Amino acid sequence: MFVDAHNHLDFFESKEKLDKALGIIRNEEILTLGCSMDCKSYEFTKKLAVKNKNIIPCFGIHPSKAHENYKKLDKFHEYIKESRIIGEIGLDYVWVKEKEKYPYMKKVFIYFLEQARRYNKITNIHTKGAEGEIYNYIKKYKLKTPIIHWYSGDKDTLRKLLEYGCYFTISVDIEYSKLSKEIVQFLPLDKILTETDGPTSLQWVNGRYGYPSVIKDIVKEIAKIKKVKEGEVEKSILNNFKSLI
Ligand SMILES: [Zn+2]
């Protein structure tokens, strides 16, 4: 059994593509954390999970959606309580270019940190360009074993996050990115998870549409870097994930 610890099922833009992805998740046994961008995306993923036992819906407001949601925080409480893992949440100073959105981003992120602390929930965190700041927040809110999504920051912060006890999802750029390969080399196998980040991330990397089966290629690549058998990597990732949920 494989693990996709950060996917966006609402990014499959047609019924045909979504059905194909859901079929892969079911038939190839890929335990999938369906991250949300906002309430609509969470409701959508929650419905899919009713019919597919391999999908775990996950509530959060993506940093790029914070400015549209900062006034609705009091509506999120039930979603947070029922969600096994909170995500996608975080900060982004790279892809979110409009600086006027940053105060909203921080407000929404801090709200989720408070709630994650209150209910002792695991979080799935986007850290783009804000790695050091997020490490400080993780410590401040004493978060329970956060999952760091597609880390691309500096090595010193990576080491601190690892020492804190974070898990890291290795993504679809592993075949191509020198930094991602170095991160895999550095991390112990018992802190590594895998992710596809929706179909569009692989497309951004190499032009191919990212169906969930790409997870197997990521496992293969990790095995190559770590010089261990693919089966061992697969088993370790599943154990890591199960220890979280
Ligand atoms: Zn994502």
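Helix H1 (15-27) and helix H2 (39-51) each supply at least two residues to the lining of the second largest pocket. Helices here are DSSP runs of H or I with at least four residues, strands are runs of E with at least two, and both are numbered from the N terminus. Keep in mind that this is a predicted model, in which local features need pLDDT of at least 70 and side-chain atom pairs count only at pLDDT 80 or more, while totals for chains, interfaces and linings use all residues. Residues are numbered from 1 along each chain as its sequence is written, and side-chain values use heavy atoms, with hydrogens and water left out.

Let us stay with that pocket. A pocket is an open set of points, on a 1 Å grid over the protein atoms alone, where a 1.4 Å probe fits and protein lies on both sides within 12 Å along at least five of seven lines; lining residues have an atom within 4 Å of a point. The second largest pocket has a volume of about 190 Å³, counted as the space filled by probe spheres set on the points, which are joined across faces, edges and corners. H1 gives the most to this lining, six residues. Among the lining residues are Lys15, Asp19, Arg26 and Lys51.

Now for the largest pocket, which holds about 550 Å³ of space. It is lined by 26 residues, and the closest to its centre are Trp95, His126, Trp150, Asp197 and Ser201. Helix H7 (178-186) and helix H8 (199-206) each supply at least two lining residues, with H8 giving the largest share, four.

Next, look at the strands. Three of them form an open sheet in the order S1-S2-S3, with parallel pairing; two strands pair if DSSP finds at least two bridges between them. Strand S1 (2-7) and strand S3 (55-57) are the edges, each pairing on one side only. S1 and strand S2 (residues 30-34) are joined in the parallel sense over four bridges, and Asn7 stands opposite Gly34 in S2.

Finally, how many disulfides are there? A disulfide is a covalent bond between the sulfur atoms of two cysteines. Counting a pair of cysteine sulfur atoms within 2.5 Å as a disulfide, the total is zero. The sulfur of Cys58 lies 4.5 Å from the closest cysteine sulfur, in Cys35, so it is too far for a bond. For Cys166 the closest cysteine sulfur is also in Cys35, but 15 Å away, again too far. Cys58 is buried (under 20% relative accessible area, with a 1.4 Å probe and protein chains only), at 0%. Cys166 is buried at 0% too.

Notes:
Buried < 20%, exposed > 50% of the residue type's maximum accessible area, 1.4 Å probe, protein only.
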